[in-house]
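Hi,

Here is the structure I promised to pass on.

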Amino acid sequence: MRDFWETHHWPEGERRAHWHLLFEDQPAVHDFARAHAGLLAQHAELSPVPVEWLHATLQSVGPLTAETAAAVADAARPALAGIEPFEIEIGPAQAIHNGIVPAIYPEDRISELYWALRRATESVVGVDTMPKAPERFWPHLSLAYSGAQWDHDELTRALVKLRPPRPRMTVTRAVLVDQEQAWRDKYTWTVIAEVPLGEGRAQT
């Protein structure tokens with residue numbers, strides 16, 4: 001496993017807007033994360049994500065002024081109005097190249113949300129200012145970031161044996177946040193705007 005923080009080092013004090021799925025009102029997701037806490041704590045190379053900062057990144061945007069952030073949120077409202085709320089399942093957790101993540105399913109619904117948010121954001125900030133779009137968006141939730149280069153084979157085997165119930169939830173909104181990096185520890189943020197899904201059809 002490689003060092004996540006070495007390739008995700010923000011300038012000190014910089015804040016970057018992101019579109020997230022948040023889980024502050026999802027106790028089953030919290031229980032899922034806590035079920036892995038003991039195992040992850042055995043590996044000093046990892047920076048586990050505190051339950052209150054669990055998130056799934058939908059789109060990194062970058063530093064925005066308050067005015068531009070408000071415009072981005074406004075652009076997203078009609079884009080998400082035609083996307084109905086949908087159910088997702090999280091897990092199982094797996095070790096990847098720079099941390100511990102469970103995937104989120106079904107990928108097609110999350111991808112639809114991702115592309116809607118990306119197009120709406122690009123309409124405000126421009127295509128050239130955005131991070132390069134992936135060929136395929138892979139939705140996931142981070143449980144821990146790696147802080148070193150190390151052999152994680154033992155952890156991989158332990159994760160296969162540790163299989164708590166996979167949480168399910170309904171995605172009803174996307175959240176635009178102003179995010180800050182606590183170096184080699186975690187990400188924190190303040191909420192800029194919450195944009196609901198499916199409002200357009202609810203009004204017809």
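W189 is buried in this predicted model: its relative accessible area is 11%, and that counts as buried because the cut-off is under 20%. Its ring pairs with that of W53, edge-to-face, at 4.9 Å centre to centre and with 85 degrees between the planes. What I like here is where the two partners sit. W53 is in the loop between β2 (46-48) and β3 (55-62), while W189 belongs to strand β9 (residues 186-196), so the pair links parts of the chain that are 136 residues apart.

Another edge-to-face pair is made by Y114 and W115, with 4.8 Å from centre to centre and 70 degrees between the planes. How accessible are these two? Y114 is buried, at 3% relative accessibility, whereas W115 is partly exposed, at 30%.

Last item, the nonpolar core. The largest one has 57 residues, and W19 and I100 have the most contacts inside it. Helix α3 (residues 107-125) is the biggest contributor to this core, giving 7 residues.

Cheers

Methods. Residues are numbered from 1 along each chain as its sequence is written. This is a predicted model: local features need pLDDT of at least 70, side-chain atom pairs count only at pLDDT 80 or more; totals for chains, interfaces and linings use all residues. Side-chain values use heavy atoms; hydrogens and water are left out. A nonpolar core is a set of buried Ala, Val, Leu, Ile, Met, Phe, Trp, Tyr and Cys residues joined through side-chain atoms within 4.5 Å. Buried means under 20% relative accessible area, exposed over 50%, partly exposed in between (1.4 Å probe, protein chains only). Helices (H or I, at least four residues) and strands (E, at least two) are DSSP runs, numbered from the N terminus. Rings of Phe, Tyr and Trp (its six-membered ring) pair if their centres lie within 6.5 Å; planes under 30 degrees apart count as stacked, over 60 as edge-to-face and the rest as tilted.
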